[in-house]
Amino acid sequence: MDPIADMLIKIKNASIASHEVVLTPASNMKRSLLECLKRAGYVAGFTEKTLKNHPIFEIELLYKDGKPRITDVVRVSKPSRRMYMQVKEMKPVKNGHGILIVSTSKGILSNSEARKELVGGEAICKIW
């Protein structure tokens, strides 16, 4: 199973079910993704904790006017099929209402941050 897709789906399902927090196993890649989501305003924050001697992230979900901030997630690049994009290929997601998360040489960035830095990379997922 793809651990990144698992984390993203857990966040989406918990948001739709109106949960305040969601727990997911911790890793450095997930930490970078969560920092990007926090900068973009899709999660309130996250803390790293230990549960039964395993590191986990406790992710605080964000809501706007009672509606979840994250309504859908699409995994673009998968372990079986990697998708790379140049800066010119990065288009706004849902007419600017969503973000594309990209793994670049400057770290995990949203599509708007990647365009400002003029870097391309592996397209991880689209969130809106």
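Figure 1. Helices (H or I, at least four residues) and strands (E, at least two) are DSSP runs, numbered from the N terminus. Strands β2 (residues 43–51) and β3 (residues 54–61) run antiparallel and are joined by eight bridges; two strands pair if DSSP finds at least two bridges between them. Gly45 has Glu60 in β3 as its bridge partner. Two residues lie between the strands of this hairpin, where Lys52 adopts a positive phi near 55°. Residues are numbered from 1 along each chain as its sequence is written, and side-chain values use heavy atoms, with hydrogens and water left out. Because the model is predicted, local features need pLDDT of at least 70 and side-chain atom pairs count only at pLDDT 80 or more, whereas totals for chains, interfaces and linings use all residues.

**Figure 2. The open sheet of β1, β3 and β2.** The three strands are arranged in the order β1-β3-β2, with antiparallel pairing.

Figure 3. Helix α2 (residues 28–40) lies across β1, β2 and β3 and runs at about 155° to β2.

Figure 4. Lys10 and Asp6 form a salt bridge in which the closest N and O atoms are 4.0 Å apart; the term denotes a side-chain nitrogen of Lys or Arg within 4 Å of a carboxyl oxygen of Asp or Glu. The two residues are four positions apart in helix α1, which means that about one helical turn separates Lys10 from Asp6. Lys10 is partly exposed at a relative accessible area of 30%, and Asp6 is partly exposed at 26%. Buried means under 20% relative accessible area, exposed over 50%, and partly exposed in between (1.4 Å probe, protein chains only). The whole structure contains eight salt bridges.

Figure 5. Arg39 and Glu113 meet through their side chains in a salt bridge of 2.9 Å, N to O. Arg39 belongs to helix α2 and Glu113 to helix α3 (residues 111–117), so the pair ties together parts that are 74 residues apart in sequence. Arg39 is partly exposed, with 47% relative accessibility, as is Glu113, with 22%. Glu117 forms a salt bridge with Lys106, with 3.1 Å between the closest N and O atoms. Glu117 lies in helix α3 and Lys106 in the loop between β8 (99–104) and β9 (107–110), so this pair ties together parts that are eleven residues apart in sequence. Glu117 is partly exposed at 40% relative accessibility.

Figure 6. Ser110, a residue of strand β9, is buried at 4% relative accessibility. Neighbours within four places in sequence aside, Ser110 is in contact with Cys36, Ile99, Leu100 and Ile101. The side chains of Ser110 and Ser112 are joined by a polar contact of 3.2 Å. A polar contact is a pair of N or O atoms within 3.5 Å; within protein, one must be able to donate a hydrogen and the other to accept it, and residues adjacent in sequence count only if both atoms are side-chain atoms.

Technical notes:
Contact means heavy atoms within 4.5 Å. Axes are lines fitted to C-alpha atoms, for helices over the stretch in contact, and angles run from 0 to 180 degrees between N-to-C directions.
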